[in-house]
Amino acid sequence: MRFFLFLAAALLATPAVSQDREVPYWATIKAETLNMRAGPGRDFPIRWVYKREGLPLKVIRVHEGWRLVRDPAGDEGWVTANLLSAERGGLVVGDGLAAIRTGGSDSAKVKWNAEPGVVVALGECESGWCKVNADGRRGFMRADRLWGAGAP
């Protein structure tokens, strides 16, 4: 019995790793469906329903198991933390097609083009270019064409 009391006390005294992150930070949706609510709890009304796994969100506030997030359109609301991933993602923004190139340079060969609204997995970003993976299409894209790249 003492063991279980000790274990329970140890678990309660250990801060959750996700609570230790300093806001703001980037996250992505890791669920098929994510409800954005008007407040931090299931009793608050749903404001938006997202059905875009991998969509980047900016976490701007933490409250227990809830995160206040901002989406690419600028809408804000609360989502449950367990449906977010620390994996970086980007959303193609701007006008016209965005080139996915073989290297981080405007002179690098174009491998594919991505339309605005395409969600990509983000790798490292350096000198205005980010490594991207758009559903298996890997390459480099200009960081200014990606919402979710750079500092949050």
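This is a predicted model: local features need pLDDT of at least 70, side-chain atom pairs count only at pLDDT 80 or more; totals for chains, interfaces and linings use all residues.
Which residues does P24 touch, not counting residues up to four places away in sequence?

**Figure 1. Overview of the chain, with 1 helix and 14 strands.**
Of the 152 residues in the chain, 36% count as buried.

**Figure 2. P24 and the cis peptide bond that joins it to V23.**
P24 is found in the loop between helix 1, residues 2-13, and strand 1. The peptide bond between V23 and P24 is cis, with omega at about 0°. Leaving out residues up to four places away in sequence, P24 touches K58, V59, I60 and P152. A151 is 127 residues from P24 along the chain, yet the C-alpha atoms of P24 and A151 are separated by 8.8 Å.

**Figure 3. The aromatic pair of W26 and W147.**
A search of the whole structure finds 1 aromatic pair. The ring centres of W26 and W147 are 4.9 Å apart and the ring planes stand at 80°, so the pair is edge-to-face. The cut-off for that name is an angle over 60 degrees. W26 counts as buried because its relative accessibility is 7%, and the limit for buried is under 20%.

**Figure 4. The disulfide between C125 and C130.**
How many disulfides does a search of the whole structure find? The search finds 1. A disulfide is a covalent bond between the sulfur atoms of two cysteines. Here the sulfur atoms of C125 and C130 are 2.0 Å apart. The angle about the S-S bond is 110°, and the link of C125 and C130 is right-handed. Are the two cysteines buried or exposed? C130 has 0% relative accessibility, so C130 counts as buried. C125 has 36% relative accessibility and therefore counts as partly exposed.

**Figure 5. The largest pocket and its lining.**
Rolling a probe the size of a water molecule over the atoms shows where empty space is left. The largest pocket holds about 230 Å³ of space. Its lining has 16 residues, and T28, G54, R88, V120 and A121 are the closest to the centre of the pocket. Strand 1 (25-29), strand 11 (119-126) and strand 12 (129-134) each give at least two residues to the lining. The largest share, 4 residues, comes from strand 11. Sorted by class, the lining of the largest pocket has 6 nonpolar, 5 polar and 5 charged residues.

**Figure 6. N113 in strand 10.**
Strand 10 covers residues 110-114, and N113 is found in this strand. N113 counts as partly exposed because its relative accessibility is 47%. Apart from its neighbours within four places in sequence, N113 is in contact with L97, A98 and A99. R101 is 12 residues from N113 along the chain, and the C-alpha atoms of N113 and R101 are separated by 8.6 Å.

**Figure 7. E64 and D135, loop residues with positive phi.**
E64 is not a glycine, and its phi is positive, near 50°. E64 is found in the loop between strand 4 (56-63) and strand 5 (66-70). At 58% relative accessibility, E64 counts as exposed, because the limit for exposed is over 50%. D135 is not a glycine either, and has a positive phi of about 55°. D135 is found in the loop between strand 12 and strand 13, residues 137-142. D135 has 72% relative accessibility and so counts as exposed.

Key
Residues are numbered from 1 along each chain as its sequence is written. Side-chain values use heavy atoms; hydrogens and water are left out. A disulfide is a pair of cysteine sulfur atoms within 2.5 Å. Buried means under 20% relative accessible area, exposed over 50%, partly exposed in between (1.4 Å probe, protein chains only). On a 1 Å grid over the protein atoms alone, a cavity is a set of points where a 1.4 Å probe fits but cannot get out, and a pocket is an open set with protein on both sides within 12 Å along at least five of seven lines; lining residues have an atom within 4 Å of a point. Grid points are joined across faces, edges and corners, and a volume is the space filled by probe spheres set on the points. Ala, Val, Leu, Ile, Met, Phe, Trp, Tyr, Cys and Pro count as nonpolar, Asp, Glu, Lys and Arg as charged, and the others, Gly among them, as polar. Rings of Phe, Tyr and Trp (its six-membered ring) pair if their centres lie within 6.5 Å; planes under 30 degrees apart count as stacked, over 60 as edge-to-face and the rest as tilted. Contact means heavy atoms within 4.5 Å.
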